[in-house]
Amino acid sequence: QVQVVESGGCLVQPGGSLRLSCTASGSIFSMYTMAWYRQAPGKQRTLVATISKIGIPNYTDSVKGRFTISRDNWKNTVFLQMNSLKPEDTAVYYCNNDLRTGPWGQGTQVTVSS
């Protein structure tokens with residue numbers, strides 16, 4: 001059974017950086033375009049970034065130039081490097097494939113506040 005575990009979130013000041021990780025066990029990870037999503041309180045879960053099987057990234061406009069998605073297929077892990085964080089980046093961050101057909105993990109909380 002596939003299990004997804006996100007980690008790396010915490011409280012950080014505006015302008016700071018974080019690196020999130022997501023490991024998917026028991027899955028054919030390398031066959032999927034993977035994605036990071038986020039959900040702020042009271043809002044819907046939205047797409048942040050995707051990375052194709054061969055490593056081509058794509059970003060939502062609000063994070064372009066600040067976030068970098070990467071993956072390690074050998075370790076079934078996808079990363080999200082977040083720089084120049086803003087208060088509006090505050091959310092629970094999740095990973096899944098780009099079709100949202102995989103299992104959801106518990107997410108990791110990112111709070112950007114002074």
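Two strands pair if DSSP finds at least two bridges between them. Keep that in mind for the first stop. The model on screen is predicted.

**Stop 1: the S5–S6 hairpin**

Select Ala49, then Tyr59. Ala49 stands opposite Tyr59 in S6. Now show both strands. S5 and S6 (residues 57–59) run antiparallel and are joined by three bridges. Five residues lie between S5 and S6 in this hairpin. In its turn, pick Gly55, which has a positive phi of about 95 degrees.

**Stop 2**

Step back to S4. S4 and S5 run antiparallel too, with five bridges between them.

**Stop 3: Arg38**

Stay on S4, residues 34–39, and select Arg38. Across in S5, its bridge partner is Thr46. Is Arg38 buried or exposed? Arg38 counts as buried, because its relative accessibility is 12% and the limit for buried is under 20%. Next, show the side chain of Ser62. The side chains of Arg38 and Ser62 make a polar contact at 3.4 Å. Beyond its neighbours within four places in sequence, Arg38 is in contact with several residues, including Gln44, Val63, Phe67, Glu88, Asp89 and Tyr93.

**Stop 4: the cysteines**

Select Cys22 and Cys95. They form a disulfide, with sulfur atoms 1.6 Å apart. Cys22 sits in strand S3 (residues 18–25) and Cys95 in strand S9 (residues 91–97), so the bond ties together parts that are 73 residues apart in sequence. Cys22 and Cys95 are both buried. The structure holds one disulfide.

Cys10 is partly exposed, at 35% relative accessible area.

**Stop 5: the nonpolar core**

Select Trp36, Val78, Leu80, Met82 and Tyr93. These have the most contacts inside the largest nonpolar core, which has 25 residues. Among the elements that give two or more residues to this core are S4, strand S5 (46–51), strand S8 (77–82) and strand S10 (108–112). S3 gives the most, with four residues.

Zoom in on Val78. Which residues does Val78 touch, not counting those up to four places away in sequence? Among them are Leu20, Phe29, Met34, Trp36, Ile51 and Ile69. Both Cys22 and Cys95 are on the list as well.

**Stop 6: the four-stranded sheet**

Colour S1, S3, S8 and S7. They make an open sheet in the order S1-S3-S8-S7, with antiparallel pairing. Strand S1 (3–7) and S7 stand at the edges with a single partner strand each, so one side of each has no neighbour in the sheet. From one strand to the next, the twist averages 15 degrees. Look at the S7 end. Six bridges join S7 to S8. Select Ser70 there: its bridge partner in S8 is Phe79.

**Stop 7: Trp104**

Finish in the loop between S9 and S10, where Trp104 has its place. Trp104 is partly exposed, with a relative accessible area of 34%. Leaving out residues up to four places away in sequence, Trp104 touches Tyr37, Arg45, Tyr94, Cys95 and Asn96. Last, draw a line from Trp104 to Thr50. The two are 54 residues apart in sequence, and 16 Å apart from C-alpha to C-alpha.

Terms used:
Residues numbered from 1 in each chain as written. Predicted model: local features only at pLDDT ≥ 70, side-chain atom pairs only at ≥ 80, totals over all residues. Heavy atoms only, no water. Buried < 20%, exposed > 50% of the residue type's maximum accessible area, 1.4 Å probe, protein only. Polar contact = N/O pair within 3.5 Å; in protein donor to acceptor, adjacent residues only side chain to side chain. Contact = heavy atoms within 4.5 Å. Disulfide = S-S within 2.5 Å. Core = buried A, V, L, I, M, F, W, Y, C linked by side-chain atoms within 4.5 Å. Axes fitted to C-alpha atoms, helices over the stretch in contact; angles between N-to-C directions.
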